[in-house]
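Keep the structure in view as you read.

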Amino acid sequence: MSRKSRILINSILFSLLIPPEISFIKSRFVRIIVDADKAWISKPEMLYDSFSADNIKHFILELKLGKNEFILYYDKNKKTESKIITVYFFPSFNFKTPLQPYKFHRSENEKICRACHDIEFKRVSKKEDLSCFICHKEKFEKGLKFHPPFDDPNCSECHKRIFEEPEEEKLCVNCHELKDDFYLHSPYAMFECGICHDPHSSMENKLLKDRIQILCTLCHEKELYSYHHPVANHPAEKSNLFCNSCHDPHGTRFGYHLKWPNKPVCTVCHKK
């Protein structure tokens, strides 16, 4: 690193915290960056990965749904300081919150990174040589099933500009034909495919981000079904009965996104 670059970074990154102290994001992962001699967080169980470049410390944290709050401690000029960081993880922008959404790849953040890093897209055969791999290891290191555009990575195929979030409404319909049913599930109708599906890789079929029962309860509170849901007392997963056994997560011609007309649903399994 040149002396000029170091001066630039030190002038901009003094005690820099990315993201801001209070923000919300759609992604399950958030990156914390701080310029310090030493840094650590109060909840190490949140830590997915970490690395350092000179005095710049990077922490990649895995968030739980809703409010995530922790304390970041860091040593600077032989003095220990701390800041409380609060990040709200919501998989949809439909959630109402007064907070501003946070996206790392904004032009002002990129100016900082470009002082030392090449963050341009590169078309390569090995994932490890891809410039994006340096910061986004979690995208490449998980999953047994890969989305075809990501299997031989060419990030620019979906990310036309590096600091703009891809528009699912335009991207997904290039390859996936949309349903045109009467009752569409809200995330599907709003083209928020990324709530349930990972566009890179997954351990689950259909590139789901998690098991179907866990995904559904991100928005549908599980506790409510113990009172009024018709199958509240069913053995569920023990008998291979899942939410999508009766409901289509994209939409159908029937109410409640049921796969069949409302009345005879029970008779699909329970014969008279």
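**Strands and their partners**

Begin with E2 and strand E5 (residues 56-62), which form an antiparallel pair held over seven bridges. Two strands pair here if DSSP finds at least two bridges between them. Strands (E, at least two residues) and helices (H or I, at least four) are DSSP runs, numbered from the N terminus. Within E5, histidine 58 is the bridge partner of isoleucine 33.

This is a predicted model: local features need pLDDT of at least 70, side-chain atom pairs count only at pLDDT 80 or more, and totals for chains, interfaces and linings use all residues. Residues are numbered from 1 along each chain as its sequence is written, and side-chain values use heavy atoms, with hydrogens and water left out.

Now widen the view. An open sheet of three strands runs in the order E2-E5-E4, with antiparallel pairing. Its edge strands are strand E2 (29-35) and strand E4 (47-53), each pairing on one side only. From one strand to the next, the twist averages 15°. The axes behind that angle are lines fitted to C-alpha atoms, for helices over the stretch in contact, and angles run from 0 to 180 degrees between N-to-C directions.

Next comes E3. In a regular strand the side chains alternate between the two faces of the sheet. Strand E3 (residues 38-41) shows alternating side chains: Ala39 and Ile41 point to one face and are buried. Buried means under 20% relative accessible area, exposed means over 50%, and partly exposed lies in between (1.4 Å probe, protein chains only). E3 pairs with strand E6 (residues 66-76) in the antiparallel sense, over four bridges. There, lysine 38 has aspartate 75 of E6 as its bridge partner.

**A loop proline**

Where does proline 20 lie? Proline 20 is in the loop between helix H1 (3-12) and strand E1 (22-25). Proline 20 counts as partly exposed because its relative accessibility is 40%. Leaving aside residues up to four places away in sequence, proline 20 touches Ile85 and Tyr102. Contact means heavy atoms within 4.5 Å. Proline 20 and threonine 86 are 66 residues apart in sequence, yet 8.5 Å apart in space, C-alpha to C-alpha.

**The whole protein**

Step back. The protein has nine helices and 11 strands. Of its 272 residues, 32% count as buried. Among contacts between residues at least 6 apart in sequence, 57% join residues at least 24 apart.
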